[in-house]
Amino acid sequence: MNTSKPWALLAQLGFGIRRKLADVGHACRLFAHLLTLSPVTLKRFGLVRDQIFFLGNYSLAIIAVSGLFVGFVLGLQGYYTLQRYGSAEALGLLVALSLVRELGPVVTALLFAGRAGTALTAEIGLMKAGEQLSAMEMMAVDPVRRILAPRLWGGIIAMPLLAAVFSAVGILGGWLVGVVMIGVDEGSFWSQMQGGVDVWRDVGNGILKSVVFGVTVTFVALYQGFEAQATPEGVSRATTRTVVQASLAVLGLDFVLTALMFSL
Amino acid sequence: MKAGVAAGFFNFMSEPSPPATDDLVELRDLTFAYPGTEGTRTILQSVSLRIPRGKVTALMGASGGGKTTVLRLIGGQQLASAGQVLFDGQDVASLDAAGLYAMRRRMGMLFQFGALFTDLSVFDNVAFPLREHTPLTPALIRDIVLMKLDAVGLRGARDLMPSQISGGMARRVALARAIALDPELIMYDEPFAGLDPISLGTAAQLIRQLNDTLGITSIVVSHDLEETFRIADQVIILANGGIAAQGTPEEVRHSSDPLVHQFVNALSHGPVQFHYPGPSVADDFGPGSATTARKGRR
C-alpha cells in the first residue's frame, strides 16, 4: 500500500473512525427496529416465555452460587469494618444495601454476560453460519422479529429476576457468616435491615439498574451474534467481544446510573 | 364454470398491469459486483436470462461463478449493481419490505445443507412457515405437514431432531419445508453436494417429480453433471461473469465452445487455467528471483 505518503496514516485513521461510526449507527438502527417490534413480540408471549426459561434457568445455578459466596465475603468484611466502630449489629443493613443497590445488579449482569450472553451470541452466530437466518428471510419471516426480539425481551425480564435471586441468596450468605458463625445478634441483624432499606430508593434503584443492564447485555450479545462473520473464527471472535463490550458497558453504566440516583 | 369465472376475475383484479409471461423469472442485462478491499470484484457482467414456467432449469458453472448469487438476486437478498431482476413481471429491486416478503411467500429455497432450524424437530421445521404465515388450526397444520413429509418420504422421521438425521434426509426435510406454502418457484442451491449415490439419485428424482406433479418452476444450481443433465429441461452455464452456453442438456453437451467443452468433460486444462494468476515461473525460480537474490545477500 502507499504508506510512504505522509497522509496515508491520517487517511487510515479517518477510515477507521468512519467505519466505527457506521457500526454504531447500524447498531442504533437495529435497536430502534427491535423497540418498534416490542408490541408484536409481547403479543406472542410464548416465544418470550421460552427465552426467559432458557436464559434465566441456565444462569440460575451460577447466579445463586456466586450470590452465596459474595454474601459470605460481605458478612466477613462488613463485620471486620463495623466492629471497629462498635456497630456490628448494623451488619444486616450493610449486607442488604450493598447487595440490593450495587452488587446484585452489577455482578448478576457480569455473570449473565458470561453465561447467557455468550450463549446468545454463539447461537445466533451459528444460525447465521448455517444459513438459518437466510432461510428464514427466504420464508418471508423477519429474523429480527422472530429470533432477536423475543430474546431481547427474555433478557430484559430475566435479568431483574436473577438479580433478585442473587441479592436474596447473598443476604442469606451474610446471615450465615455474620449471625450463625460470628455471632452477631440476630434480632438487630434483621431489624436494622428492615428499618434501613427503603423500597423505592434502594430496592427500586436496584431493579431499575438491572433492567438497564438487561437491555444492554442482551442487546450487545444479540448484535454481536447477528453481525458475526459466518465462520467458526467469526463466531468465536464475536463471543469474546460480547463479554468484553457487555462487561465494560455494565460497569460504565453503573457509575452513570449511581451518580444520577444519588443526585436525584 | 362459475368458480372458474370468479377465479379469472380475481386474477384480473390482483394483477392488472403485467400480462402473464411464459417466463416466471427474467434477468435483464444484470451486473453484480462485490465491493472488496482491493477494488470491486465483478461476479456477473450484463447477464440476461429467462427461467421458463413449469420447467427445470439448471444453472451450472465453476465455483465462485455467481450461480448462488443469481438465486440470492432472485430472492431479493442481494441487489444488483445494474440491470433488472423480474419475478412474474415485477422488478424485485423496486419492491418495499412488505412487497418483497409477499413475493418470497411465492418462492421456496433449498439451501446447500438444508439450513434446518437446529432447535426445532423435523415436524416443527416443516410447520414453521405454516405457523408464521397462516391462521390454520393445529390439526390442519399437522395434516399438511405430514403430507409434505410424506411427499419426501420422511413421514416417519417427524419426531427426530436435525442433529439425528443424515445430510440427505436433512435436505429432504428442507425440501418439505420449502414446499409447505405451495410455492410457484423453488430454487435449489447445490442440492447434490456431499450426498451418497443413493441419496443423490433420490434427491434428483424428487426435484423432477415435484416439478411435474405440482407444476412448480425449478431452478437447480449444481456441479453434478450426470444427475443435473438427467433432470433438467434447460441448462445454463455461467463462466467469467457471463453465459457460456444455454440450451437443452443435449445441446450443451455437444457445444463446440472450448470452455463448455472443458466443463462438460471435466478437463483440468482448457480456457479455465489450473494455475492461479501470478508471477511467471521464470520470475519466481529463475536467475535473479527472490530465492537467489536472498542467497546472494548472505
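Mentor: A residue is called buried if 20 or more other C-beta atoms lie within 10 Å of its own, exposed if 12 or fewer, and partly exposed in between, with C-beta atoms placed from the backbone. The model is predicted, so local features need pLDDT of at least 70 and side-chain atom pairs count only at pLDDT 80 or more, while totals for chains, interfaces and linings use all residues. Residues are numbered from 1 along each chain as its sequence is written, and chains are lettered from A and ligands numbered from 1 in the order in which they are written.

Trainee: Is Glu190(B) buried or exposed?

Mentor: Glu190(B) lies in the loop between strand 7 (185–189) and helix 7 (197–214) of chain B, where helices (H or I, at least four residues) and strands (E, at least two) are DSSP runs numbered from the N terminus. Because 20 other C-beta atoms lie within 10 Å of its own, Glu190(B) is buried.

Trainee: What is the phi of Asp29(B) near?

Mentor: Most residues other than glycine have a negative phi. Asp29(B), placed in strand 1 (residues 23–36) of chain B, is exposed because 12 other C-beta atoms lie within 10 Å. Its phi is positive although the residue is not a glycine, with a value near 50°.

Trainee: Which element gives the largest share of the side of chain B that touches chain A?

Mentor: Counting two residues as in contact if their C-beta atoms, placed from the backbone, lie within 7 Å, 14 residues of chain B are in contact with 10 residues of chain A. Helix 3 (97–104), strand 6 (107–110) and helix 4 (122–133) of chain B each give two or more residues to that side. The largest share, 3 residues, comes from helix 4 of chain B.
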